[in-house]
Amino acid sequence: MITVHHLHNSRSQRILWLLEELGAEYEVRRYERDAATMLAPASLRAVHPLGKSPVITDGDVTMAESGAIIEYLADRYGAGRLAPAPGAPERLRYTYWLHYAEGSAMPPMLMSLVFNRLRTAPAPFFVRPVARGIADKVMTSFVSPQIKLHLDYMEGELGKSRWFAGDEFSAADVQMSFPLEAAASRGGLDASRPRLTDFLARIHERPAYRRALEKGGPYELMR
Ligand SMILES: N[C@@H](CCC(=O)N[C@@H](CS)C(=O)NCC(=O)O)C(=O)O
């Protein structure tokens with residue numbers, strides 16, 4: 001039996017969604033974030049030393065890292081669904097987007113979260129303007145232009161095919177959902193990028209996506 005160690009409001013929502021798309025049997029073990037630090041509880045370290053989510057266990061297998069988990073689940077339980085056939089041109093695109101989501105798209109989103117936190121973090125009054133000044137400088141000189149670069153790129157790529165790896169929906173779209181949802185929440189993704197906005201609307205309509213939300217609990221990404 002597959003167990004998803006699911007931290008609420010997190011990347012592991014994608015794993016629940018993929019399992020719903022696959023129609024696989026699984027159970028969810030829920031973990032709550034610390035209200036002050038937003039970190040995962042220490043109990044998650046008993047499952048994987050990094051104590052981050054998602055992690056799955058499946059018999060003797062313990063896997064972390066959402067891209068690797070998604071690849072494993074699609075290969076093991078997909079029976080040819082949700083992953084282009086090895087050797088097909090779409091397969092390379094599939095592999096690319098599976099890695100790109102966390103390797104390239106998420107770092108500027110994470111930086112945006114951290115520097116926005118720095119702007120509003122409690123600090124002595126004489127430190128606050130300095131912290132804000134540094135955060136604003138990093139955001140305008142680096143983070144925001146990087147986010148724009150990635151959003152423009154993804155918008156262009158979705159002009160080539162209906163889904164990220166090709167005209168068929170695949171597990172790469174599941175993996176790509178998180179950076180795009182993060183971008184909609186805190187990266188300025190709006191209707192000015194119609195293909196990305198449409199991608200989000202299309203995935204949100206999928207019955208498996210909705211079922212996964214019911215399993216995972218409230219899902220509102222941090223700003
Ligand atoms: N690249 C990893 C990132 C894992 C990660 O940072 N997960 C976050 C949830 S969105 C987490 O566990 N945060 C809580 C913590 O770091 O304690 C993946 O895609 O699985």
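**Around H5**

Guide: Asn9 is found in the loop between strand S1 (2-7) and helix H1. (Helices are DSSP runs of H or I with at least four residues, strands are runs of E with at least two, and both are numbered from the N terminus.) This is a predicted model, in which local features need pLDDT of at least 70 and side-chain atom pairs count only at pLDDT 80 or more, while totals for chains, interfaces and linings use all residues. Residues are numbered from 1 along each chain as its sequence is written, and side-chain values use heavy atoms, with hydrogens and water left out.

Asn9 is not a glycine, yet it has a positive phi of about 55°. Pro54 sits in the loop between strand S2 (26-31) and strand S3 (55-58). Most residues other than glycine have a negative phi, and most peptide bonds are trans.

Now to H5 itself, residues 171-186. Take its packing with H3. The two helices pack at an angle of about 20°, with axes 9 Å apart. (Axes are lines fitted to C-alpha atoms, for helices over the stretch in contact; angles run from 0 to 180 degrees between N-to-C directions.) H3 and H5 are therefore roughly parallel to each other. (Under 35 degrees counts as roughly parallel, over 145 as roughly antiparallel, 65 to 115 as roughly perpendicular, and the rest as oblique.) Their crossing is left-handed. (That is, the near helix is turned anticlockwise from the far one by less than a right angle; clockwise would be right-handed.)

The residues that H3 brings to this contact include Tyr94, Trp97, Met106 and Leu113. Among those from H5 are Ala171, Met176, Phe178, Pro179 and Arg186. (Contact means heavy atoms within 4.5 Å.) By class, the contact of H3 with H5 has 17 nonpolar, two polar and two charged residues. (Ala, Val, Leu, Ile, Met, Phe, Trp, Tyr, Cys and Pro count as nonpolar; Asp, Glu, Lys and Arg as charged; the others, Gly among them, as polar.)

H5 also packs with H6, residues 194-204. Here the angle is about 120° and the axes are 10 Å apart. H5 and H6 are therefore oblique to each other. H5 passes H6 in a left-handed crossing. From H5 come Asp173, Ser177, Leu180, Glu181 and Ala184; they meet Leu196, Phe199, Leu200, Ile203 and His204 of H6. These residues divide into six nonpolar, two polar and two charged.

H6 has a contact with H4 (residues 128-157) as well, at about 75° with axes 8 Å apart. That makes H4 roughly perpendicular to H6. Leu151, Met154, Glu155 and Gly156 of H4 make the contact with Pro194, Arg195 and Leu196 of H6. The classes are four nonpolar, one polar and two charged.

Next, the empty space. Rolling a probe the size of a water molecule over the atoms shows where empty space is left. The whole structure has one cavity of 30 Å³ or more. The largest cavity has a volume of about 40 Å³. (On a 1 Å grid over the protein atoms alone, a cavity is a set of points where a 1.4 Å probe fits but cannot get out; a pocket is an open set with protein on both sides within 12 Å along at least five of seven lines; lining residues have an atom within 4 Å of a point. Grid points are joined across faces, edges and corners, and a volume is the space filled by probe spheres set on the points.)

Gln13, Arg14, Trp17, Ser177, Glu181, Tyr209 and Tyr219 line this cavity. Helix H1 (13-22) and H5 are the elements that give two or more residues to its lining. H1 gives the most, with three. Ser177 and Glu181 of H5 also take part in the contact with H6.

Of its 33 lining residues, Arg11, Arg33, Lys52, Ser53 and Leu110 are the closest to its centre. Helix H3 (89-120) and H5 are the elements that give two or more residues to the lining. H3 gives the most, with seven. The lining divides into 18 nonpolar, seven polar and eight charged residues.
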